[in-house]
Amino acid sequence: MRQEAEQFFDLVDSDEAWEAPTGAGHWQVRDVVGHLVDTTEAYFVAFDAARGHKEVEPAYGLPGMAARCDEMAQAFRTAPRAELVARARTDFDKMMETFDGLTDEDWTNFLVTHFYMGPLPSFFYPAFQLMDYGVHSWDIRQGTGRAHGLSGEAADLLTPFMFVLWQYTTNPVTPNDVCDIGIRITSGPNAGDTHVSLTEEGFSYSVGETDGLTVLEFDPGSFVLTAFGRSNAGTIRGDRAVADRFLNIFFRI
């Protein structure tokens, strides 16, 4: 996380970069920084509420997340670069102090209510920060037009969470969408096959055999970027119609 964050701050902290395009839709670099401030400061509120056993509002839900995040990020557009970057750095340091203070028991048993997703074990929050700094660093590099890639260390750590991301961003499954498919990660510590099912109840997955299934193969970086809607990657082995049906069932956040 620290490595990805330092790269992020190096990329954003110049007048030349501040209003440059990114790979995150219509966002400029300054909007990505505003998004990080908004997101991280919402985590402070969530952790404080969890520690104080305070009641919180029901989860906002992920379907409306993209529009709300866009609004919140662009609300910072008038903030001077030095001021907003300094605020983001301070927020990151404070967030790391929070993570460092978690005990082994807290890591899995201390539930913190995420604004969009509801109660989650606290270990999800470092993963979310890694997603933000890792994927948004990729977005900023993408805006430069130069060839680049995603860090292997970040992609390896994020790979298991992409199945959770897909599970929470699945559009309603109609009878025509129902299918089973295999996801194969070809390298790294999470290499292996996962059996994914789309049913009218939604998205489910388990480590298991994929014999007889259409299989989508990804390296870790391509898998993360595909799950986030940043690229259309992967190798299809089997029925293209099944693969297309699966890959187009998700909404973007």
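**Core, helix packing and selected residues in a predicted model**

Arg 230 is found in the loop between helix H9 (220-227) and strand E7 (235-237), where helices (H or I, at least four residues) and strands (E, at least two) are DSSP runs numbered from the N terminus. The model is predicted, so local features need pLDDT of at least 70 and side-chain atom pairs count only at pLDDT 80 or more, whereas totals for chains, interfaces and linings use all residues. Residues are numbered from 1 along each chain as its sequence is written, and side-chain values use heavy atoms, with hydrogens and water left out. Not counting residues up to four places away in sequence, Arg 230 touches Gly 23, Ala 24, Val 135, His 136, Trp 138, Asp 139 and Leu 225, contact being defined as heavy atoms within 4.5 Å. Arg 230 and Val 85 are 145 residues apart in sequence, and their C-alpha atoms are 24 Å apart in space.

The largest nonpolar core comprises 77 residues. Such a core is a set of buried Ala, Val, Leu, Ile, Met, Phe, Trp, Tyr and Cys residues joined through side-chain atoms within 4.5 Å. Buried denotes under 20% relative accessible area, exposed over 50%, and partly exposed the range in between (1.4 Å probe, protein chains only). The residues with the most contacts inside this core are Phe 8, Phe 9, Met 162, Ile 183 and Phe 246. Met 162 belongs to helix H8 (residues 152-168) and is buried, because its relative accessible area is 0%. With neighbours within four places in sequence set aside, Met 162 is in contact with Met 131, Phe 223, Val 224, Ala 227 and Phe 228. A C-alpha separation of 9.3 Å is found between Met 162 and Thr 226, which lie 64 residues apart along the chain.

Cys 179 is also a buried residue, with a relative accessible area of 7%. Cys 69 counts as buried at 7% relative accessibility. The structure holds zero disulfides, a disulfide being a pair of cysteine sulfur atoms within 2.5 Å.

Thr 194 is situated in strand E4 (residues 192-199). Its relative accessibility is 9%, so Thr 194 counts as buried. Beyond residues up to four places away in sequence, Thr 194 touches Phe 163, Ile 181, Gly 182, Ile 183, Tyr 205, Ser 206, Val 207, Gly 208 and Thr 210.

Helix H3 (residues 29-51) packs with helix H7 (residues 124-144) at an angle of about 175 degrees, the axes lying 11 Å apart. Axes are lines fitted to C-alpha atoms, for helices over the stretch in contact, and angles run from 0 to 180 degrees between N-to-C directions. H3 and H7 are therefore roughly antiparallel to each other; angles under 35 degrees count as roughly parallel, over 145 as roughly antiparallel, 65 to 115 as roughly perpendicular and the rest as oblique. From H3, the contact involves Val 29, Val 32, His 35, Leu 36, Thr 39, Thr 40, Tyr 43 and Phe 47, and from H7 it involves Tyr 125, Phe 128, Gln 129, Asp 132, Tyr 133, His 136 and Ile 140. Nine nonpolar, five polar and one charged residues make up the contact of H3 with H7. In this classification, Ala, Val, Leu, Ile, Met, Phe, Trp, Tyr, Cys and Pro count as nonpolar, Asp, Glu, Lys and Arg as charged, and the others, Gly among them, as polar.

Asp 132, in helix H7, counts as buried at 10% relative accessibility. Leaving out neighbours within four places in sequence, Asp 132 is in contact with His 35, Leu 36, Thr 39, Tyr 43 and Ser 137. Asp 132 and His 53 are 27 Å apart in space, C-alpha to C-alpha, and 79 residues apart in sequence. His 53 lies in the loop between H3 and helix H4 (65-74) and is exposed, with a relative accessible area of 74%. The phi angle of His 53 is near 55 degrees, a positive value in a residue other than glycine.

Arg 87 is placed in helix H5 (residues 81-100) and counts as partly exposed at 35% relative accessibility. Apart from neighbours within four places in sequence, Arg 87 is in contact with Val 37, Glu 41 and Phe 76.
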